[in-house]
Amino acid sequence: MNQQRLILSSPLLEIVISRLAQQLIENHQDFADTVILGMQPRGIYFAERVGRELNRTLGYDVPLGYLDATFYRDDFRRRDSPLRANATHVPFIIEDKRVILVDDVLATGRMVRAALDAMTAFGRPRKVELLVLVDRRYNRDLPIKPDYTGKRVNTLESQRVLVEWTEQGADADRIWLVG
């Protein structure tokens, strides 16, 4: 039996995004040396939401790009069917910048490791921070933890987190624990 439990939805989701944006402003002030990279495929929707909130609050645009780490994954050649790459769009130099890497769900940490490898094609950042909407605790394969977290969720290995964005065609923004 496949059970679903609602973890987060509007208007609480907007409050979480606003809180995370305020934390970023507190730590990065004017974002002069800071850029945001949303991880493909689903982290870009969350990165865009955080970016819009930052832009609204600050009154100017914070640099935002998309990073695809498909070919840097450690399971890239182990799959039966080939992985399909997503667009990478990094319209700025990350050399000596502070990079905020953004993803919707942190589980094993393997995608973050792959993204760190993929980032090196664009320069060597001064510092990298990780912002996630949902931190799936007790699932980590690698010693990676977020600097900014929307919601922490205790999960079993058999469970997964499903994020539904209106930008992807969902009728409402919702985050579910499925399993």
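Is Tyr138 buried or exposed? At 62% relative accessibility, Tyr138 counts as exposed, where buried means under 20% relative accessible area, exposed over 50% and partly exposed in between, with a 1.4 Å probe and protein chains only.

## Basis of the model

This is a predicted model, in which local features need pLDDT of at least 70 and side-chain atom pairs count only at pLDDT 80 or more, while totals for chains, interfaces and linings use all residues. Residues are numbered from 1 along each chain as its sequence is written, and side-chain values use heavy atoms, with hydrogens and water left out.

## Backbone features

Tyr138 sits in the loop between β5 and β6 (148-154), and its phi is near 65 degrees, a positive value in a residue other than glycine. Phe31, in the loop between α1 and β2, also has a positive phi, near 60 degrees, but Phe31 is buried, with a relative accessible area of 3%. Helices (H or I, at least four residues) and strands (E, at least two) are DSSP runs, numbered from the N terminus.

The peptide bond from Ser10 to Pro11 is cis, with omega near 0 degrees, and Pro11 belongs to the loop between β1 (4-9) and α1 (12-28). A cis bond with omega near 0 degrees also leads from Gln40 to Pro41, the latter placed in the loop between β2 (34-39) and α2.

## An aromatic pair

The structure holds 1 aromatic pair. Phe46 and Trp165 form this stacked pair, at 6.4 Å centre to centre and 15 degrees between the planes; rings of Phe, Tyr and Trp (its six-membered ring) pair if their centres lie within 6.5 Å, and planes under 30 degrees apart count as stacked, over 60 as edge-to-face and the rest as tilted. Phe46 is buried at 0% relative accessible area, and Trp165 is buried at 1%.
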